[in-house]
Amino acid sequence: MEQITGKIVKDAQIKKTNNGRELVAFTVAVNDRYKPKDKEEVKETRFFSCAYWLGTKVQKALKQGTVVSV
């Protein structure tokens, strides 16, 4: 299983599915930088859309800028 660590882009939101089930949705940004041989440094940001299904209370802790591992 892969693990990512990054910062939350904006405050998490509670959403509902079509059948009424609630989830907490948030986006995590992961900044990466590397330097290929004989080339300039490359900086890139990857964004991961995440959903937490086990309860909505966690939404209060998932604020913009918070570092999380998922």
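Guide: First, a definition: a salt bridge is a side-chain nitrogen of Lys or Arg within 4 Å of a carboxyl oxygen of Asp or Glu. Also note that this is a predicted model.

Visitor: How many salt bridges does a search of the whole structure find?
Guide: One. E41 forms a salt bridge with R33, and their closest N and O atoms are 3.9 Å apart. Side chains of opposite charge can pair when their charged atoms come close.

Visitor: Is R33 buried or exposed?
Guide: R33 counts as exposed, because its relative accessibility is 53% and the cut-off for exposed is over 50%. E41 is at 43% relative accessibility, so E41 counts as partly exposed.

Visitor: Different topic. What is the pattern of the protein chain along the sequence?
Guide: It reads β-β-β-β-β. That is five strands and zero helices.

Visitor: And is it compact or more spread out?
Guide: More spread out than a compact globule, because the radius of gyration is 15 Å, well over the 11 Å that the globule rule gives for 70 residues. Along the principal axes, the C-alpha atoms fill a box of roughly 55 × 20 × 20 Å.

Visitor: How do the strands pair?
Guide: Take β3, residues 22–34. Strand β1, residues 5–8, pairs with β3 in the antiparallel sense over two bridges, and I8 has V28 as its bridge partner there. Strand β2, residues 13–16, is also antiparallel to β3, over four bridges. Within that pairing, K15 is partnered by L23 and K16 by E22.

Visitor: What do β2 and β3 form?
Guide: A hairpin, with five residues between the two strands. In the turn, G20 has a positive phi of about 90°.

Visitor: How many bridges for β3 and β4?
Guide: Eleven, in the antiparallel sense.

Visitor: What sits in the loop between β3 and β4?
Guide: K37 is found there. K37 is exposed, because its relative accessible area is 74% and anything over 50% is classed that way. The C-alpha atoms of K37 and W53 are separated by 43 Å, although the two residues are 16 residues apart along the chain.

Visitor: Now the inside. Which residues make up the largest nonpolar core?
Guide: There are ten: I4, I8, A12, V24, F26, V28, V30, C50, L62 and V68. Strand β3 gives the most to this core, four residues. In soluble globular proteins, nonpolar side chains tend to be buried together.

Visitor: What does V28 touch?
Guide: Leaving out residues up to four places away in sequence, V28 touches I4, G6, K7, V9, R46, F47, F48, C50 and V68.

Visitor: What percentage of the 70 residues is buried?
Guide: Buried residues make up 20% of them. The protein chain exposes about 5800 Å², and carbon and sulfur atoms supply 48% of that area.

Visitor: Last one: what share of the contacts comes from residues 24 or more positions apart?
Guide: They account for 50% of the contacts with a separation of 6 or more.

Technical notes
Residues numbered from 1 in each chain as written. Predicted model: local features only at pLDDT ≥ 70, side-chain atom pairs only at ≥ 80, totals over all residues. Heavy atoms only, no water. Core = buried A, V, L, I, M, F, W, Y, C linked by side-chain atoms within 4.5 Å. Buried < 20%, exposed > 50% of the residue type's maximum accessible area, 1.4 Å probe, protein only. Contact = heavy atoms within 4.5 Å. Pairing = 2+ DSSP bridges. Rg over C-alpha atoms; globule rule 2.2 N^0.38 Å. Areas by Shrake-Rupley, 256 points an atom, 1.4 Å probe, with all protein chains shown as cover.
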